[in-house]
Structures are given as structure tokens and as C-alpha cells.
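Dear colleague,

I am passing on the structure below, and after it you will find a short account of what came out of it. Please read the two together.

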Protein chains: 2
Amino acid sequence: MSADIVPLPRKQLPSIEPMLSLTANGMNAVNAVILERMQSEIPLIPRLAGYLISGGGKRLRPMLTLAGAALVGYEGTRHHKLAAAVEFIHTATLLHDDVVDGSELRRGKAAANIIFGNPATVLVGDFLFSRAFELMTEDGSLKVLRILSNASAVIAEGEVSQLTAQRQIETSEERYLHIIGAKTAALFAAASQISAVVAECGEEQERALEDYGRNLGVAFQLVDDAIDYDSDAAEMGKDPGDDFREGKMTLPVILAYARGSEDERKFWKDAIMGHRTSEADLAHAIELMARHNAVHDTRERARHFAQRAIDAISIFPDSKARQAMAEAAQFAVARGY
Amino acid sequence: MSADIVPLPRKQLPSIEPMLSLTANGMNAVNAVILERMQSEIPLIPRLAGYLISGGGKRLRPMLTLAGAALVGYEGTRHHKLAAAVEFIHTATLLHDDVVDGSELRRGKAAANIIFGNPATVLVGDFLFSRAFELMTEDGSLKVLRILSNASAVIAEGEVSQLTAQRQIETSEERYLHIIGAKTAALFAAASQISAVVAECGEEQERALEDYGRNLGVAFQLVDDAIDYDSDAAEMGKDPGDDFREGKMTLPVILAYARGSEDERKFWKDAIMGHRTSEADLAHAIELMARHNAVHDTRERARHFAQRAIDAISIFPDSKARQAMAEAAQFAVARGY
């Protein structure tokens, strides 16, 4: 008796593709606004802004605004300007982050501050931030202005909070979740919510989209923080172990520390204080994390929030948009695997 | 024949006092908003913001909003929040300026970045900027939002433009005026204009107040730049010669260079390139300026713009408010004499 070897069907990994095609047309319009509104008579401004903006970012946040609009069946074009405003706010925070962290790599190439210096990087961030509010003001929705100005303040608070938690080994998971809820998830939430505001489709829908964005943002940041300990530089577009050397208290560290022996805790304390920054130290850190499933469980936490994001939009009838958004949430968790 | 010596009546110097008493009550309300709205659950934020905000600033910009409101007879209270927003925008730009310039002194004490570091200083600037837009959104005037978001973008452009002009000896007076028109006068103009917007008193009044603010702002910055070469540190609250060492192309330098001999121009080129930073070099620079009346004529230019500011509000009937605003413009020019 002979048998042909029939390959098992390869398990389909979740993909961002459906989200990309759902929003492709809209993103062309958004990109046109971005390109037009980052211009200035001061040549350095579009040069510096363009360096980051054309630098291979996924433009995930404006995409959320577009996907949300598709989900609620909004047929107008107001959300294009607003999605561009969201991307400007995000770009401004990235520029300021690079200065704050002294980053050397961003999206796989030299960070803006390395090429253009800290002064110009800070100021062009301010410019883009102002432009974002100009765009929102042109649109004219005070509710959108309220949502995004509040999100901006919360982001800044989250960044300061992260700064004060840096090199603080005692940082709890709760504090960490609070920080990433502010510095990352607040803009995801706002970007999603404003699509429902523009479509004027009611409080419940607004809340649902906000919840989708917030949970997706938390999942996204958790995976980002996991990736810093389990992928190589080319894949993540920044130096591996950046968080480690900067003494950032991300969840993989919090879990490894909580679950570690006394010796291991000693190592983590030293490392987070900045006394262990060699490649060997990083390798040891990754080994300790593996021992305690710290990276794996960070991804498990992310899966939980992604599921909450998916469930949040279950109040909407099934549609291509809803499926694309659900798959995007699963994709966010599977990134870098 | 004998004669008693009768002292000539001492020429009364222009004073800021009438402006201070005109706006005293309103400023109490504005200060309460500032204090309340710079709070955050992240303790570092009010600590850092408070360090600068309680650090002896004159709060000239919100005062302009209040004076304008008095001039047009506005009796409401909406302008208090908006004046606080103006001060938050100003404070945010000061914090970012300190990082950009690497300042060591601000208002006579250590600059925020020296005490709290660049990262927190950048981020708290972002926080205050966001808060400013929250305040404006709460007020709800899209016109005010348009004016102030535009002013913010223009300020950032002015700062970047100044950055690119730094160490560029060929910077012209026109370019310089354009820079200070953006980095300083735009917010003066906006702060004045919004009082008329809130009072809904018509285009002509709005324009007049905007012109008052813009011209006053130009005069104010001209005098600031003159003071950097003719006053001591205690008086100006920053290190004397900061502009000189940073290679900033301010009007005193532009005039001294334009009017200088070939040897003198050689000196200025070296100095602006950063090759002449000693106390002796600074003393020589001041001597060259004196030879060509560069500081004196910078103040003369300021007088011109102050006069334009005064004439701009001549469309309003004479009043205590108008007199106080006119005298404030004269005071701006006389500062540091």
C-alpha cells in the first residue's frame, strides 16, 4: 500500500492585506493632503518632515480612521483631512521621541535627529503639530478637536510618565499598561473614534470604535515591546535591545523580573540601572526572558487586547470592513513572529 | 540779579503700570486658569511647567488679550481661558527654545532643560501645547482656533527659519524682520486679535488689534535683541552675549556688519561662525556696534514699529485702555535703557 504525501494546508497567517485594500483609495487622498500640508516656505521643514513621512511608515493610525469610516458606511471625504491630522500628530510625537530617546535608528534608517539635529527635529515636530490643528479647524468639528486635543495631552502625559518610570525596576504591570494606554493607545482610540463622529452615527458606535482603537493600540505596543527582545534589527527597523539599554520598563522586563530568582532580580536591577549594556548582557537578558516565558506571555497579553478590539466592533453587522479590521487586530499580534 | 535753580521737571519715562492696572483683575482670573490647567496626575508635569510659569514671566501676551478686551468694551469672561491658552502656547515655545538653544539661563534662573533635562522639557512643552488647544476647544470659537493654530505653525516656521539663518553672516534685515515677525510677532498679533473676535466687534477692529499686536511684537523683539548687546545679565535674565556666542543674526549684528570696514566684516564673519567667543571678543563686538550706532539704530527701528502699533489703535475712541496700550508700546521700546 502506497500513499501520496498530501501536504497539510498551510495555516493561513492573519494579514494586514484586507485592511490595506479596504483603505487604499482613501489613503491616496490622505497622502495627498499630507504631502500638500507639510509644505512650507522654509525648505528645511518639508525636507525634514518628508524624511520621516516618506520613510516607510505604515500610516496605521490614519488607516484606522478610514477603516472606521468604511465600517459605518460614511460616504463623504471629511475624514481625509482628519486622518492626515492624525498622522501629523503621530509624526510630531515620533520626532520628539527621537530627541527624547536619543534614538539612532527609526524605521530602519538613521533617525531624523541624527541627520538634522535635535533643534530642527523639535521645531518641525511643533510645526506638524500646529498643522494638525489647522487641518482640524478647517474641518470645523469641535468634537473632533476635543477628542484629538485631549488625546495629544494624554500622549504627552504618557511620555512623561514613561520617562519617570525609566530605570525604575519597581514599575508594575498596571503602571506600564497605564503608560502605553496613554502614549500609544490614546491616538489609536481617537483615530478610530473620529470616523464615527464625522459620520454622525451615534454614541454607541463611537464608543465601539474608540474601544476597538484603544485595545488595538495596547496590543500593538505590547507586541512592539516584545519584538525589542525577540527580533533582529532589520525586521524591527531599530536597534535590537534599545529598550534594554535605555532601561525602559516594558512588560517583558516586568514579567522576567517578577518571576525571577533573587540572582536574576539582581541582574535586572543592574541592567535597568544601566550597568549591563553589553551584547552578552542583552543575550543573558533574552535567555532569562525565555526561561520565564516573558516575551511569549507579553504576546499573550497582546492577544487578549486584540480579542477585546475585535469584540468591540461586533456590534456592527458583518462586512468586509469589519473582517478587515478584525484581521488587522490579529495581524498586530502576529507581527514579528 | 539772582535766580533760584529750578529743577527741570524730570521727563516721565513710559511705564507698563497703566497696562498692569488695566488688566490686574483679569490677570487674576487668567492666572487661576493657568494654575488649574497645568495640573496633571503625572507630578513632573506641573513641577516643570510651574518652574517656568511661576518664574517671573511678565505674561505680556495674555495681557494683550485682556487689554484688547478692555479696549473694545467686552464684558464677558471667555477671554480668560483664551488668554491662558496663549500663555500656554508661549510657555511651550519657551521650553522648546531652551532645548533648541541649549540655554542655561532663562528669566534670571537656570533654564528648565538644565534642571529637568531635555526630554522632560520637550514633552512638557508638548503637554502645554495640547492643553492650549483643549482650552480653545472648550471655548468653542473656530475662528479663534484658526487664528491660534495658524499662529502656532507660523511660530514654528519662524524658529526653523531662525535656525537656518544661524551662523549665516549674509542674513539680510528683510529676512531678519520676517523671522521675528513669525517667531515673536505672530503670537502678539493673535493674542490681541482674539479679544476682538470674542467681542464680535467687526473686521476693522479685529484688524486694528492684530496690527497693534504684530507691530508691538516686532518692536519688542528688536529691543530684546538690542538688550543682548547693551545690558547686563541681571537685567535681562539671560547670559549677556548669548546671541553673539550662538551666532544669531540679529539686527545689531546685521547693521554693524553692513556698516563695517573690511576688517570689521572679517571679525563679524569669524564671530558669527563661532570662532570668536571670548569675553574680549564680545567687548570688541560691542565696541564695533557703538562705532556704527548698531544698537541705537536697532532701538530706533523698534520705535518705528511701536509707533505703528500706537497708530493702529487710533481708530478706537480715546480711553484709559487705549492710553495704557499706547504707553505699553512706548515702554517696550524704552526697556533696558
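**What was found**

The accessible surface of chain A comes to about 13,900 Å², and 51% of that surface belongs to carbon and sulfur atoms (areas by the Shrake-Rupley method with a 1.4 Å probe, where for residues only the protein chains shown count as cover). Please keep in mind that this is a predicted model, in which local features need pLDDT of at least 70 and side-chain atom pairs count only at pLDDT 80 or more, while totals for chains, interfaces and linings use all residues. Residues are numbered from 1 along each chain as its sequence is written, chains are lettered from A and ligands numbered from 1 in the order in which they are written, and side-chain values use heavy atoms, with hydrogens and water left out.

Chain A has 16 helices and two strands (DSSP runs, H or I of at least four residues for helices and E of at least two for strands, numbered from the N terminus). Its radius of gyration is 21 Å, which agrees with the value near 20 Å that a compact globule of 337 residues would have (taken over C-alpha atoms, the globule rule being 2.2 Å times the number of residues to the power 0.38). Of the 337 residues of chain A, 58% count as buried (under 20% relative accessible area, with exposed meaning over 50% and partly exposed in between, for a 1.4 Å probe and protein chains only). Among contacts in chain A between residues at least 6 apart in sequence, 76% join residues at least 24 apart (contact meaning heavy atoms within 4.5 Å).

As for the two copies, chain B is superposed on chain A by a rotation of 180 degrees with 0.0 Å of shift along its axis, at an RMSD of 0.0 Å (least squares on the C-alpha atoms of residues with pLDDT of at least 70 in both). That is the relation of a two-fold axis. Because 100% of the interface residues of chain B are also interface residues in chain A, the copies meet through the same surface.

B:Q221, in helix α9 (residues 203–230), is buried at a relative accessible area of 8%, and, leaving aside neighbours within four places in sequence, B:Q221 is in contact with B:Y176, B:I180, B:K183 and B:T184. B:A69, in helix α3 (residues 60–71), is buried at 1% and, with the neighbours within four places in sequence again left aside, is in contact with B:Y74, B:H79 and B:S195.
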